[in-house]
Each structure stands twice: as C-alpha cells, then as structure tokens.
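This report describes one protein chain from its atoms. The sequence and the model come first, and the description follows.

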Amino acid sequence: MLYEKICKYLKNKEMEPLKTLLAGAEELEFLQAFNDLSDEEQVIVFRLLSKDAALSVFEQLDTDHQHTLLRSFTEDSVIEFVNEMAPDDRVKLLDELPAGIAKKLIASLSESEREVTNILLGYKPETAGHIMTTEYISLKRDMTAREAIEKVRAQAAEKETVYTLFVTDYAKKLEGVVTLKELLIAGWDDLVGNIMSKRVIKVSTGTDQEESARLLQELDMLALPVVDNEDRLVGIVTIDDAIDILEEEATEDIYDQAGLAEAGRSDVLVNGSLWQIWRVRLPILLITLVFALFSGVIIDEFEQTLESIAVVAIFIPLIMGMSGNVGTQSSTVFARGVVLGHIQLSRFVTHFVKEIGVGLSIGVVLGISTGAIAALWLGIPLLGLAVGLALVITMTVASLLGFLVPYVLIKLNVDQAAGSAPIITSIKDILGLAIYFVMVSNLLGHLL
C-alpha cells in the first residue's frame, strides 16, 4: 500500500502530500517500500525525509544503496551525514568506499568522531573490534539502581542500545552485566553490584566477526561485550550487526555451493557486465562439462546393454535424480551446519559417519520401494533388484559426497565449498550410471 501511494505521488509530482505521507510512515513499512523503488526514485524520496528519519533509514540500507544516495548529496551534506552516523555503521560504509574518498571523509570528521573511527578501522577487518560500536552505557557496581537508571535516561538518546548494560571498574575492566529490566524491578537503593550477573559472555577485539555473531544468535543476546587484551571493555557488538553478518555469510555460502565463489556480491551476477558474469560462472561449469563427457563415455560403453534391454533406460533419470536430491540435501546440511557452528570441522569424521548412515538408511527405504514397483510394473524381478541396489548404493555415495567434497575444498583453502554442488552432481552422475549399468549387466546378463 505504501509503495503504491509513493509511486502515485511521484508520478503526479505531488511532493508535499508525499512528504506528509513519509512523515507518518512506519519505518519497517517504509524500508520495504523504499527497496522496491528505482535508484532515481529513492534519491527523490530520501531527500523528502526528515534529518533524523533519513539518518535512521540510511544506516539500515546496504552499502550499494548508500553509495547511490551519497552520490546525490553535495560534498557538505555528505560530510555532515557521515559525521552523524553510528561509528560501526560509518566504518562499514568507509570499508566499501574507494580509499581516496574514505580518507577524505575521515579527515572531515569532528575530532572525537575521527578518533573513534580510526580506532575501529585499526582492528583487522572481519573481527569483533572492527564491527563493534563504542556507543554503549557502562555502570559502576557501587551505583544504586536509581543512579543507574538516571544515567541510562541521560545517555539513552546517544547510545545504540540500553537494554543490556555492562558494569566496569574504574580502570574499565569488565566486572558484570545487568539488564534494564533488572534495574527497573530492583529497589531504588539496591546496589548494581548486588543485582548484576558476574557470568559475562564476552569476546576479544580479535575474535572473528562470524563467531561473535553466532554467539549472539545462539545465546539470544542483544549485545555482546568486546574487551581488549587487558580485559577492558572497549565496545559492544549488537544484534542488528550480527544479523547482517550472518546474512552475508549465508549468502556467500549459497553462492559458493553453486560454484560462484568469486561473486562477492549478488549485484555482480545481476547487474555486472557480461564478462564479469562469465568470469564468475563459466570456470566451474567448464570443469563439470568434462565430468559430463565421462557420463557419455559410460553410456557408450554399455550401449549393447541398452539395445538388448531397452527398459533399462526408463530408470536412468530416476537413479540420477534421486541420488542428486540426496547429494543436494547433504551438501546443504553441511554448509548450513558449518555456518551456524553445528558442525565442527575438528569432529568431521563423526559427522561424516553419521551422514553416511543417514544416506544408507534412506537409500534402503527408497531402494526397496522403487525396486518393488519396478519389478511389478515391468514383470522383471531382477531388473527391480538392479534398480533397488543401484539406488541404495548411489544414494549412500551421494550423501557421502555431500559432506566430503565441501570439506576437502575447505581443507585445500578453496573459498568455502566453492563449486561443491556442481562437482558433487557431476561425480554422482558418473558413479550412478556406472553402478546402475554394472548391476544390470551382472543381474540381467543372461538377457544380453
């Protein structure tokens, strides 16, 4: 509804009604509508937002949309806008900008904002230190609940989150954590030190950003404290950043599984030049083409079998398709398990053996069912047996490959499971055909 109204006002060039509409729009609904607008429409709509609303929306856009909007600003307005961004969002933007432009923007920041920005930029990319925000509220254990709440009220507007509060000593060393709810239900004179929990889950500035994001997700936390080598609180990683990181990592893994490891971003595959798209998509497809030719060699080798027992051909798509489905399931389970931390590479053998058992059990169930159907349908019991055995073996092999191929690629330091799905499919097709024809030749050889 909002999108349609925005488009209507834009088409009729009714800017004042549009401005009134945007002022009363819910942020989530606006963001959904905004993302569906063209680049030109986004620039127009964005300029009609109030300053506070524009900043809030800008920080939630991906970097591509941010770049588009920045190009429409004057130099002074860009500097003002970047200066008012939250430190972690500003660093994320600066990481994506050309070095020359990033340096110019950093130099234009106020002294305090420049100092904070340089601190975050000083940490290695993709670490907790690099993505954390320094906009948090810290309390002291000798504060009363009343004093703590008064401090929260005084600083809340300037901080990124106030629902999780961290307690430090006067050297900034982390001592505990307390929630806003706990403060509100405590007595006014209760000391923070008596309310807080001393069991604090924390990460260091050098902790990998994905590990930090997973930790936030698994523990259902809103903020995760980041400490330096001396256990001093230097920042927090918030849940909104964790969601963005996990989404980026999941997207990368999806492209990796499809053999698009060099894509970097989906924008390249959608809006890139033909050469850029070729460079990403062709290499792995050329490799799988070679595997596909081997499938042709196998069929040619068993040409006499196909000529003598034509009904054998009926089940070739079934054998290849069902094993392909199992292989895809297994590789997806592996990729998701690694991303979410459910699969530890150090315990790969345990996970691998379990997946083989799963593939074998599924293969037995479907093999018996399909073999029985084939035998009754065509009246050739031995053909049903050949189909059933081929399914059992190929589905077990496919599940094995679904875990083994991406694991081997990771160990070879290839971009996580790059091209694992096409490679699994190709190997599975060759082995599936070979297994099926061997079964048919051995069990139905008397008919040749």
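## Nonpolar cores

The largest nonpolar core has 34 residues, and Ile6, Val45 and Phe46 touch the most other members. A nonpolar core here is a set of buried Ala, Val, Leu, Ile, Met, Phe, Trp, Tyr and Cys residues joined through side-chain atoms within 4.5 Å. Buried means under 20% relative accessible area, exposed over 50% and partly exposed in between, with a 1.4 Å probe and protein chains only. When neighbours within four places in sequence are set aside, Ile6 is in contact (heavy atoms within 4.5 Å) with Leu18, Leu21, Leu22, Ala33, Leu37 and Val45. A second, separate core holds 24 residues, among them Val326, Ala386, Ala390 and Leu444. In soluble globular proteins, nonpolar side chains tend to be buried together.

## Basis of the model

The model is predicted: local features need pLDDT of at least 70, side-chain atom pairs count only at pLDDT 80 or more, and totals for chains, interfaces and linings use all residues. Residues are numbered from 1 along each chain as its sequence is written, and side-chain values use heavy atoms, with hydrogens and water left out.

## Overall figures

The chain contains 23 helices and 6 strands. These are DSSP runs numbered from the N terminus, with helices (H or I) of at least four residues and strands (E) of at least two. Of the 448 residues in the chain, 44% are buried. Contacts between residues at least 6 apart in sequence join residues at least 24 apart in 65% of cases.

The chain has an accessible surface of about 23,700 Å², and carbon and sulfur atoms account for 58% of that surface. Accessible areas come from the Shrake-Rupley method with a 1.4 Å probe; for residues, only the protein chains shown count as cover.

## Aromatic pairs

There are 9 aromatic pairs in the structure. Rings of Phe, Tyr and Trp (its six-membered ring) pair if their centres lie within 6.5 Å; planes under 30 degrees apart count as stacked, over 60 as edge-to-face and the rest as tilted. Phe348 and Tyr407 form a stacked pair, because their ring centres are 3.7 Å apart and their planes are at 5 degrees. This pair links distant parts of the chain, with Phe348 in helix α21 (residues 348-378) and Tyr407 in helix α22 (residues 381-411), 59 residues apart. Both Phe348 and Tyr407 are buried.

The pair of Tyr436 and Phe437 is tilted, because the centres lie 5.9 Å apart and the planes are at 40 degrees. Tyr436 is buried at 1% relative accessibility, and Phe437 is buried with a relative accessible area of 0%. Ring pairs also link Phe334, Phe348, Phe352, Phe403 and Tyr407 into a cluster.

## Charges over rings

Lys140 has its charged end over the ring of Tyr170, 5.5 Å from the ring centre. The charged end of Arg146 sits over the ring of Trp188, 4.6 Å from its centre. The criterion is NZ of Lys or CZ of Arg within 6 Å of the ring centre and within 35 degrees of the ring normal.

## Sheets

Two strands pair if DSSP finds at least two bridges between them. β1 and β2 (residues 164-168) run parallel and are joined by 2 bridges; Ser138 has Phe166 in β2 as its bridge partner.

Another open sheet of 3 strands, also mixed in pairing, has the order β4-β5-β6. β4 (203-204) and β6 (233-238) are at the edges with a single partner strand each, so one side of each has no neighbour in the sheet. 2 bridges join β4 to β5 (residues 223-227), and these strands run parallel. The bridge partner of Ser204 in β5 is Val227.
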